[in-house]
Amino acid sequence: MKIYLKTPEEIGKLRAVNRIVAAILDEIEAAVKPGVSTLELNEIADRGIKKHGASSAFLNYHGYPAVLCTSVNEVVVHGIPRSDVILKEGDIIGIDFGCFKEGFCGDSARTLCVGKVSREARALVDATRESLARAIDHCVVGNRLQDIGWAVQSYVEERGYSVVRSFVGHGIGRAMHEDPAVPNYGTPGRGLRLKPGLVLAIEPMVNAGLSDVEVKDDKWTAVTKDGSLSAHFEHSVAITEDGPLILSQS
Ligand code: MF3
Ligand code: CO
């Protein structure tokens, strides 16, 4: 396991690329409404990449065929944008986007509500967003890696939800996926000690039902086995002497 701690200058570049990620997610968010296809959202991301002089982190990554992941309802992550997946009132959609600029990678995701959604759907989305906020609060020098996962797991399980275990967050820097793996579960006080310069993409995936996930025949689309709703939020976060720095917020 090789962990690359980043210098303040490198963290500056990671902040710059993640600002682009946030701006593009903002543009996609503004376009999410009933009647829009997930392929149209991919096209917005594609135009954003070109406008900012960036390059996609997802396209062709292990053969992934798009620049955006669009994960609707029971899709956990890695939904492939399609012209025949049309958003409708009541859906929830995870949008996950990553790109490179000046040799550094940014990565972030959010789950959005399409129009008015059920109380159950909104509560899941709100709890998943809050679990990420709590995880980030634990990104403090001297804490341990599993404190992060524990923050997610304890918050969502208390509400009757389950944490996906077959996908995890990751270190991020010159590559999208660096060590360490960042699970969304854990035992407090265990794991790697958090140091200044460690940069993590923390990405809770939370199911309304059971935690089991299966991957569809397209080799990408990950869905809940029980068909329950799933939500996903992701921020790239730098650990500094002054506390957590959320790189992927506008
Ligand atoms: N944000 C995701 C991740 O952290 C999506 C990458 S999957 C890809 O792993 F294939 F689309 F690149
Ligand atoms: Co990621």
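## Ligand 1 contacts

A side-chain polar atom of E234 sits 3.2 Å from a nitrogen atom of ligand 1. Taken alone, ligand 1 exposes 330 Å², and the protein buries 95% of that (Shrake-Rupley areas, 1.4 Å probe). The model is predicted: local features need pLDDT of at least 70, side-chain atom pairs need 80 or more, and totals for chains, interfaces and linings use all residues. Residues are numbered from 1 along each chain as written, chains are lettered from A and ligands numbered from 1 in written order, and side-chain values use heavy atoms, without hydrogens and water.

D96 has a side-chain N or O atom 2.8 Å from a nitrogen atom of ligand 1. E203 places a polar side-chain atom 2.9 Å from an oxygen atom of the ligand.

## The shell and the pocket

Which residues come nearest to ligand 1? Of the 13 around it, they are D96, D107, H170, H177 and E203 (a heavy atom within 4 Å counts as near). By class, the shell holds six nonpolar, three polar and four charged residues. Charged means Asp, Glu, Lys and Arg; Gly counts as polar.

The space taken by ligand 1 is the largest pocket. A pocket is an open set of points on a 1 Å grid, for a 1.4 Å probe, with protein on both sides within 12 Å along at least five of seven lines.

## Salt bridges

The whole structure has ten salt bridges (Lys or Arg side-chain nitrogen within 4 Å of an Asp or Glu carboxyl oxygen). One of them joins D26 and R110, at 2.9 Å from N to O. D26 is in helix α1 (residues 8-31) and R110 in strand β5 (residues 104-113), so the pair ties together parts 84 residues apart in sequence.

## Backbone exceptions

Most residues other than glycine have a negative phi, and most peptide bonds are trans. The bond from D179 to P180 is cis, with omega near 0°. P180 belongs to strand β8 (residues 178-182).

H62 is not glycine, yet its phi is positive, near 50°. H62 lies in the loop between β1 (55-56) and β2 (68-72).

Terms used
Polar contact = N/O pair within 3.5 Å; in protein donor to acceptor, adjacent residues only side chain to side chain. 1 Å grid on protein atoms, 1.4 Å probe; cavity = no way out; pocket = protein on both sides within 12 Å on 5 of 7 lines; lining within 4 Å. Sits in = over half its atoms within 2 Å of the grid points. Helix = DSSP H or I, 4+ residues; strand = E, 2+ residues; numbered from the N terminus.
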